[in-house]
Amino acid sequence: MTARGATISRGHRTGRRLRPGVRVAIYAALIVTSILMIGPFYWTFATSFKPAGDVFAAPPKLIPNPWTLQNYRDVFTLLPFQRYFINSVIVTSAIVGLNVVFDTAAAYAFAKLRFPGRNLLFFMLLITLMVPFQVNLIPLYRIMVLLHQVSPLLGVDTYSGIVLPGMIQVFGIFLMRQFLTSIPDEILESARVDGASEFRILRSVIFPIAKPAMATLAIFTFLGAWNDFLWPNIVINSDTMRTLPVGLALLAFRNTISVGPTMSGTVLTSAPMILIFLLMQRRFIEGLTAGSVKG
Amino acid sequence: MSDAIALPRRRVRGRFRKVLPAYALIAPAIVSSIVFLYIPIAFSGYWSFTKYNGLASPKWVGLQNYTDLLSDPRFLKALLNTVIFVILGMGIGPVLGLMSALLLNQAVRGRGFFRTAYFLPVMTSLVVVATIWKVLLNQHGIVNELLGVVGIPAHNWLGDPSTALVSVTVTSIWQGFGFETVVFLAALQSIPSDLYDAALVDGATAWQRFRYVTLPALRPTIAFVFIIGIIGSFQVYDQIFVMTSGGPLNSTRTVVFDLVDRFDSLKYGEASAVAYVLLVILATLSFIQMRLFEERA
């Protein structure tokens, strides 16, 4: 073990062993707060199996008894939820795929190739990070209306309408460029000497090396796209084109009296994300905190 | 001699071969940022000086939209609500995040489990979180039931103008502080333990170690967390839409909610002016953030 490794692994502890009283207090605080964090999720899950009369029963029923699947049947008759799930999958996959390819391609050029205007163009991209998305909302909507007039397959109320504004993220380019800069030039030079084109290098050299960074970018993008609400809610008008969060918001909005179906809709909307998160936690945490720890 | 002539030529061809693919690689990014960023930013700016409803062509009115906003009680209320949301959220969220990170940084078993618990809401859609809390905070919901146990009477948290904004803010803190926990935890674990050993040798108390070792080491992380948090909080919208729709009596109307509301009622000029007010506020904050980043690099 290197001295550096030792230092870092001991860094978890701040000095002496804890006194037993302190230790109990720490665990108590951690357990109570964890219940506060997980409790609402559990309550939603449990409520989604309760018959209508039990939802606000006093005293509250921690375990649904009797339990029913009626809320799940209801949510599919109230709204085409299975369709929303497919919509979310399609839109999110498209946004993630486009970002991983195009952000990495642009990042490679900005990190490793020399061309006139490189710094200026990169600066012009970076400066847009200061502009909040909401500023572009109305013009983007107008652009999508125009696109829809050009072709009914494009723009407002289509998948492309949701996907196009998010097909490339400047932050993604920035993130990938940080990573690609660390790749030694010699590898690229030897590929060039072998006669590989820049596209070939991107595909056969950069993509394999950059896989971990691309995974982080993919997860970061996936979270944003899957959870996005404001833009899909504006660009979609028809009943069948909504994504899950838009459908759920509508459900919560309409059903203020019968809460059961809203709860089952909540479970259906969040379950896929929670499952993927539990399976790939480390990557998720890296993805969402990307760029924050090491500036 | 022939070499001397051939060389520059090959160099020019070589440069060309290098330059063209580079432009091809960045072309999608450049085109999309022109169409979906630069053009919208320009039009938004132009429309903010016009009366425009999306149908008739925009009519130039100069600064009128901006002066109207400054005397529009709905917009001023939205601005005030947003500032309260940001101050309250940023006053509590990062402190909770730091406290939980400090707890997790002790040699505790099950650190992974607790970290997952805190982080779970962070990756959940805000619409989901807002829907859950809307039901929890219902007049007959579990929150009132539990408060009833300690003798606090049931309250319509989201229906009362005096508690709606606080309720939405608490929901947002609950959703977001796990992010700060994870960021702070990573930063804490990168503080070299030599510093703590040295402090111990000097006889520093736990508080002194925190005050003179931990806090200074966390300074850049704290700055990062606050700037990112403030910028994000200023754009609060999803929770408002789901939980209160800006009500009751505009008590939870925020800047972005105000923007979308004006957009929905086809007041594109006014909405664009709101957008530019937001832009100025957030660009200023981003500028500060970039300066902080440069300082660290």
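I began with chain B, which is divided into domain 1 (2-47) and domain 2 (65-296), bounds that come from an automatic or database domain assignment. Taken over C-alpha atoms, the centres of these two domains of chain B are separated by 40 Å.

I noted that this is a predicted model, in which local features need pLDDT of at least 70, side-chain atom pairs count only at pLDDT 80 or more, and totals for chains, interfaces and linings use all residues. Residues are numbered from 1 along each chain as its sequence is written, and chains are lettered from A and ligands numbered from 1 in the order in which they are written.

I looked up the contacts between the chains (C-beta atoms, placed from the backbone, within 7 Å) and found 88 residues of chain B in contact with 81 residues of chain A. Helix α1 (residues 2-47) of chain B gives the largest share of the chain B side, 19 residues; helices here are DSSP runs of H or I, at least four residues, numbered from the N terminus. That side of chain B divides into 62 nonpolar, 19 polar and seven charged residues, where Ala, Val, Leu, Ile, Met, Phe, Trp, Tyr, Cys and Pro count as nonpolar, Asp, Glu, Lys and Arg as charged, and the others, Gly among them, as polar.

I then checked A106(A), which touches I173(A), L25(B), I26(B) and A29(B), leaving aside residues up to four places away in sequence.

Last, I read the confidence of chain A (pLDDT, the predictor's own, from 0 to 100 for each residue): the mean is 87, and 92% of its residues reach 70 or more. Over residues 1-15 of chain A, pLDDT stays under 50, and the model has 20 contacts for them beyond four places in sequence.

Terms used: Two residues are in contact if their C-beta atoms, placed from the backbone, lie within 7 Å. Helices (H or I, at least four residues) and strands (E, at least two) are DSSP runs, numbered from the N terminus.
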